[in-house]
Amino acid sequence: GYRSRAAYKLTEIDEKDHLLKRGEVVVELGAAPGSWTQVIARRVLPDGAVIALDLLPFEPIAGVDFIQGDFTEDSVLAELEAKLAGRSVDLVLSDMAPNISGIAISDQGRMYQLADMALDFADQHLRPGGKMLIKLFQGAGFDPYKKAMQQLFKTVVPRKPAASRGRSSELYLLGIDRRSGD
Ligand code: SAM
């Protein structure tokens, strides 16, 4: 079984968009408790590499390299980069979300601070043609973020899997075909 129902969001998106490919190098941000990682590991490993990161501890998954730490800290980013050891990344996934304070404006701000850092990471490490799937909140910050993603990817499409429907303002953006920079 899966560690969380969040697995169904990724499986639904992957069935449509075929993100997870055997042998690729995948970086997953905001991975705990690890249900997406279970899906990713099954589809990508044993070839390729899965590097997963979260603030929270994580029950190990065979073949997955896990880093416990805050993605916004330089030392944690450096650890992630060290594990890549110069390899470029095929796919970046971020399901990161701040702990909800209940103060909508600051939750929204912190969400987009994380998302901006994830996009910078993709800009630095994603190969041309690579992809990125990221969780966002609809509302302030969404449209400029989508524009920023369109600078980096040829195609950017929204995805709202069934498990995200209902009251939730969460919406995923999928960036397809990272531009080659020329
Ligand atoms: N996709 C996961 C799964 O299927 O099990 C669920 C991820 S949960 C919705 C969001 C995660 O983002 C939390 O585990 C949280 O600890 C993590 N997170 C939030 N801020 C973070 C940060 N600054 N650095 C690393 N992880 C962070």
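**Burial and overall fold**

I started with burial: 34% of the 182 residues of the chain count as buried. I'm keeping in mind that this is a predicted model.

Next I went through the secondary structure and got 5 helices and 7 strands for the chain. Reading from the N terminus, I noted the order α-β-α-β-β-α-β-α-β-α-β-β.

Then contacts. Taking those in the chain with a separation of 6 or more, I found that 63% come from residues 24 or more positions apart.

**The core**

I looked up the largest nonpolar core, which has 45 residues. The members touching the most other members are V26, V50, V92, A115, A118, L133 and I134. Which helix gives the most to this core? It's α4, residues 104-125, with 8 residues.

Leaving out residues up to four places away in sequence, V26 touches I40, V44, V50, D90, L91 and L93.

**Helix α4**

I checked the length of α4 next. It has 22 residues and spans 32 Å from first C-alpha to last, close to the 32 Å expected at 1.5 Å a residue. Its buried residues are M111, Y112, L114, A115, A118, L119, F121 and A122. What do they pack against? I found two kinds of partner: the strands β1 (25-29), β4 (89-94) and β5 (126-137), and the helix α5 (142-152).

**Around the ligand**

I counted 23 residues surrounding the ligand, and the closest are A6, G30, S35, F71 and D95. The elements giving two or more residues to this shell are α2 (35-44) and β2 (49-54). Sorting the shell by type, I got 14 nonpolar, 5 polar and 4 charged residues.

**A loop residue**

Last, I went to A62, in the loop between β2 and β3 (64-68). Is A62 buried or exposed? I found 7 other C-beta atoms within 10 Å of A62, and 12 or fewer counts as exposed, so A62 is exposed. I also took the distance from A62 to K154: their C-alpha atoms are separated by 34 Å, with the two residues 92 apart along the chain.

Key:
Residues numbered from 1 in each chain as written. Predicted model: local features only at pLDDT ≥ 70, side-chain atom pairs only at ≥ 80, totals over all residues. Near = placed C-beta within 6 Å. Helix = DSSP H or I, 4+ residues; strand = E, 2+ residues; numbered from the N terminus. Nonpolar A, V, L, I, M, F, W, Y, C, P; charged D, E, K, R; others polar. Core = buried A, V, L, I, M, F, W, Y, C linked by C-beta atoms within 7 Å. Buried ≥ 20, exposed ≤ 12 C-beta atoms within 10 Å, placed from the backbone. Contact = placed C-beta atoms within 7 Å. Expected span 1.5 Å × (residues − 1).
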